[in-house]
Amino acid sequence: MDMMEALIAGGWLMLPLLGCSLLATVIIIERLWTLRAGRIAPRGLGQEVCTLVARGQINLFWLESHSPLGGVLAAGMRNARLGHEQVRARLQEAGTAVIHDMERFLSPLGTIAAIAPLIGLLGTVVGMIEVFSVIVAGDGASRTADLAGGISRALVTTAAGLTVAIPALMFHRYFLRRIEDITVRMEEQSGQVVEFLAHYGGELTLAERHEPVGEAAGEEERLEADGRLAPRVKRP
């Protein structure tokens with residue numbers, strides 16, 4: 001039995017199952033691309049931020065555009081002068097927003113994993129009702145095709161529902177675990193920056209954009225795209 005024959009045998013209940021299958025596939029592909037740990041919380045970013053802070057200047061524009069973790073760290077850095085409790089609070093708020101974004105579309109995926117077997121079970125019930133209707137009518141022997149069609153619908157819809165639900169449930173649990181791992185990595189690097197700021201005794205200078213940030217003796221300084229100071233260049 002090929003795909004088209006299965007759709008016909010399953011009846012109209014195969015249409016919502018097909019829709020659930022397509023939606024689950026799109027969500028899985030999108031989340032696999034989006035929930036990459038290297039994109040959301042790249043390793044070493046916390047240490048790099050600490051190094052830039054130790055140099056006396058960090059570019060928040062670069063940090064925010066670097067990654068979601070960079071945006072979280074930048075939100076905390078803006079409150080560095082208000083005390084470490086404010087920094088921690090702002091980091092937690094920004095981190096919560098990132099986690100909420102990572103969990104996008106997981107609720108529909110979990111819903112598909114839950115309702116697909118129920119739709120298949122509904123197809124089973126509908127198919128068996130048709131079978132027993134033929135039997136009760138007393139002409140089951142002459143309506144063998146109707147009996148076979150009802151049984152086929154019962155089996156096909158059940159199998160289709162499980163086929164959609166099993167991968168959806170597997171990927172739903174997998175994405176939840178990946179989000180937990182990324183969250184732990186974000187917390188570790190955020191804590192590293194907070195501890196560094198707690199023991200940093202120098203002056204913290206925050207830059208907001210890629211424009212000249214200072215002039216001295218006819219020279220000007222510019223921030224590179226990575227937030228570091230470019231070599232000083234004599235003005236003409």
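The model is predicted, with local features needing pLDDT of at least 70 and side-chain atom pairs pLDDT 80 or more, while totals for chains, interfaces and linings use all residues. Residues are numbered from 1 along each chain as its sequence is written, and side-chain values use heavy atoms, leaving out hydrogens and water.

Reader: Which residues of H7 are exposed on the face turned away from its buried side?
Author: Helices are DSSP runs of H or I with at least four residues, numbered from the N terminus. Buried means under 20% relative accessible area and exposed over 50%, with a 1.4 Å probe and protein chains only. In H7, the buried residues are Val87, Leu91, Ala94, Gly95, Val98 and Met102; seen down the helix axis, they fall within an arc of 105° (directions from the axis to the C-beta atoms), so they line one face. The face turned away from that buried side carries the exposed residues Glu85, Gln92, Glu93 and His100.

Reader: What distance does H7 reach from its first C-alpha to its last?
Author: The expected span of a helix is 1.5 Å times one less than its number of residues. H7 has 19 residues, for which 27 Å is expected, and its reach is close to that: 27 Å.

Reader: Which residue's backbone oxygen does the side chain of Thr157 reach?
Author: Thr157 has its place in helix H9. Its relative accessible area is 0%, so Thr157 is buried. At 3.3 Å, its side chain reaches the backbone oxygen of Gly120.

Note on methods
Helix = DSSP H or I, 4+ residues; strand = E, 2+ residues; numbered from the N terminus. Polar contact = N/O pair within 3.5 Å; in protein donor to acceptor, adjacent residues only side chain to side chain.
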